[in-house]
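Here is a short report for a reader meeting this structure for the first time. Please look over the sequence and the model before reading on.

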Amino acid sequence: MKKGLLDGCFYGYHWGHCHAIYQASKLCDELYVSTHTNEEIIKYKNKTPTYSYNDRIFMLEQNKYITKLLPATPYI
């Protein structure tokens with residue numbers, strides 16, 4: 001079984017993010033996704049996210065191609 005991991009800011013969640021998740025899901029049997037906290041995004045991208053962390057988690061939970069959402073990952 002092939003597992004995939006995709007992390008991202010998703011701070012302005014849009015069609016392109018959904019399509020990237022879809023494409024990643026085609027490369028594996030299970031796709032795990034994580035997003036960064038607002039603090040990480042502000043620190044490294046110097047931008048305030050359009051959506052809060054909780055809103056982004058809610059939106060990602062609705063994506064049928066994601067097997068499981070993981071806790072927030074550090075921005076590298």
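## The surroundings of Y53

In this predicted model, Y53 touches T35, H36, T37, N38, P71 and A72, leaving aside its neighbours within four places in sequence. Y53 belongs to helix α3, which covers residues 53-61. The residue is partly exposed, with a relative accessible area of 21%. Buried would require under 20%.

Y53 and E39 are 14 residues apart along the chain. Their C-alpha atoms are separated by 9.5 Å.

## Helix α3

Which residues of α3 are buried? They are R56, I57, M59 and L60. Seen down the axis of α3, these buried residues fall within an arc of 165°, so they line one face of the helix. N54, F58 and E61 are on the other side of α3, and they are exposed.

The buried residues of α3 pack against several elements: α1, β2, α2 (38-45) and β3. The helix lies across β2 and β3. Relative to β2, α3 runs at about 165°.

## Helix α1

Helix α1 spans residues 15-25. Its buried residues are H17, I21, A24 and S25. Viewed down the axis of α1, they fall within an arc of 100°, so they line one face of the helix. An α-helix has 3.6 residues a turn, so residues three or four places apart point the same way.

What do the buried residues of α1 pack against? Their partners are β1 (3-8), β2 (30-35) and α3.

## The sheet

An open sheet is formed by 3 strands. Their order is β1-β2-β3, and the pairing is parallel. β1 and β3 (68-69) stand at the edges. Each has a single partner strand, so one side of each is left without a neighbour in the sheet.

Strands of a sheet pair through backbone hydrogen bonds, either parallel or antiparallel. Between β2 and β3, which run parallel, there are 2 bridges. V33 has L69 in β3 as its bridge partner.

## The cysteines

How many disulfides does the model have? The count is 0. A disulfide needs a pair of cysteine sulfur atoms within 2.5 Å. For C18, the nearest cysteine sulfur is that of C9, 15 Å away, and C18 is in no disulfide. For C28, the nearest is that of C18, 16 Å away, and C28 is in no disulfide either.

C18 counts as partly exposed, at 28% relative accessibility. C28 is buried, with a relative accessible area of 12%.

## The chain as a whole

The chain holds 3 helices and 3 strands. From the N terminus on, the elements run β-α-β-α-α-β. The radius of gyration is 12 Å, close to the 11 Å that the globule rule gives for 76 residues, so the chain is as compact as a globular protein of that length. Along its principal axes, the C-alpha trace spans about 35 × 20 × 20 Å.

Of the 76 residues in the chain, 34% are buried. Contacts across the sequence can be sorted by separation. Among contacts between residues at least 6 apart in sequence, 71% join residues at least 24 apart.

How values were computed: Residues are numbered from 1 along each chain as its sequence is written. This is a predicted model: local features need pLDDT of at least 70, side-chain atom pairs count only at pLDDT 80 or more; totals for chains, interfaces and linings use all residues. Side-chain values use heavy atoms; hydrogens and water are left out. Buried means under 20% relative accessible area, exposed over 50%, partly exposed in between (1.4 Å probe, protein chains only). Helices (H or I, at least four residues) and strands (E, at least two) are DSSP runs, numbered from the N terminus. Contact means heavy atoms within 4.5 Å. The arc is that of the directions from the helix axis to the C-beta atoms. Two strands pair if DSSP finds at least two bridges between them. Axes are lines fitted to C-alpha atoms, for helices over the stretch in contact, and angles run from 0 to 180 degrees between N-to-C directions. The radius of gyration is taken over C-alpha atoms; the globule rule is 2.2 Å times the number of residues to the power 0.38.
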